[in-house]
Amino acid sequence: MNDVAAQLAQLHDAGLYRRTRLVSGPQGPRVLVDVSAAWCITCKVNERFALERPEVSRRLSDLDVTVLRGDWTKQDPKITAYLHSLGTAGVPLYVYYPSN
């Protein structure tokens, strides 16, 4: 299993997505992972002024990027393990997995 596939499997194990929801292009899925929390002010600012802008959503859609959102509001242990696996201890976290 390549590194991206292993990381996507870890996302699946953390409950951040189901494999069937991924949009796969000719070279595999492109995924943007957004892990945030309701109490995270920086997360909310980033959502409002960047991630939820219509032009950003359109561009991600045009590029067949699936956005997966992890809610760490209650500090779910599986999401915590995912954060730690990437060398971080908190949110916001944005990770882009290119197609294979």
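Mentor: A quick definition to start: buried means under 20% relative accessible area, exposed over 50%, and partly exposed in between, with a 1.4 Å probe and protein chains only. This is a predicted model, where local features need pLDDT of at least 70, side-chain atom pairs count only at pLDDT 80 or more, and totals for chains, interfaces and linings use all residues. Residues are numbered from 1 along each chain as its sequence is written, and side-chain values use heavy atoms, with hydrogens and water left out.

Trainee: Thanks! Is valine 45 buried, exposed or partly exposed?

Mentor: Valine 45 sits in helix α2, residues 41–51 (helices are DSSP runs of H or I with at least four residues, strands are E runs of at least two, numbered from the N terminus). Its relative accessibility is 40%, so valine 45 counts as partly exposed.

Trainee: Which residues make a nonpolar surface patch with Val45?

Mentor: Patch members have over 30% relative accessible area and no salt bridge; like charges are joined within 9 Å, and nonpolar side chains (Val, Leu, Ile, Met, Phe, Trp, Tyr) within 5 Å. Here the patch covers about 330 Å², with areas from the Shrake-Rupley method and a 1.4 Å probe, only the protein chains shown counting as cover for residues.

Trainee: Which cysteine is joined to cysteine 40 by a disulfide?

Mentor: The rule asks for a pair of cysteine sulfur atoms within 2.5 Å, and it gives a count of 1 disulfide. The S to S distance is 2.4 Å, and the torsion about the S-S bond is about 80 degrees, so the disulfide is right-handed. Both cysteines are buried, and the partner of cysteine 40 is cysteine 43.

Trainee: How many residues apart in sequence are the parts tied together by aspartate 34 and arginine 69?

Mentor: Their side chains meet in a salt bridge at 3.4 Å, N to O (a side-chain nitrogen of Lys or Arg within 4 Å of a carboxyl oxygen of Asp or Glu). Aspartate 34 is buried at 2%, whereas arginine 69 is partly exposed at 48%. Aspartate 34 lies in strand β2 and arginine 69 in strand β3 (residues 65–71), so the separation of the parts they tie together is 35 residues.

Trainee: And what separates lysine 44 from glutamate 47 in helix α2?

Mentor: These two also form a salt bridge, with closest N and O atoms 3.4 Å apart. Lysine 44 is partly exposed at 37%, while glutamate 47 is buried at 12%. Because they are 3 residues apart in the helix, the separation is about one helical turn.
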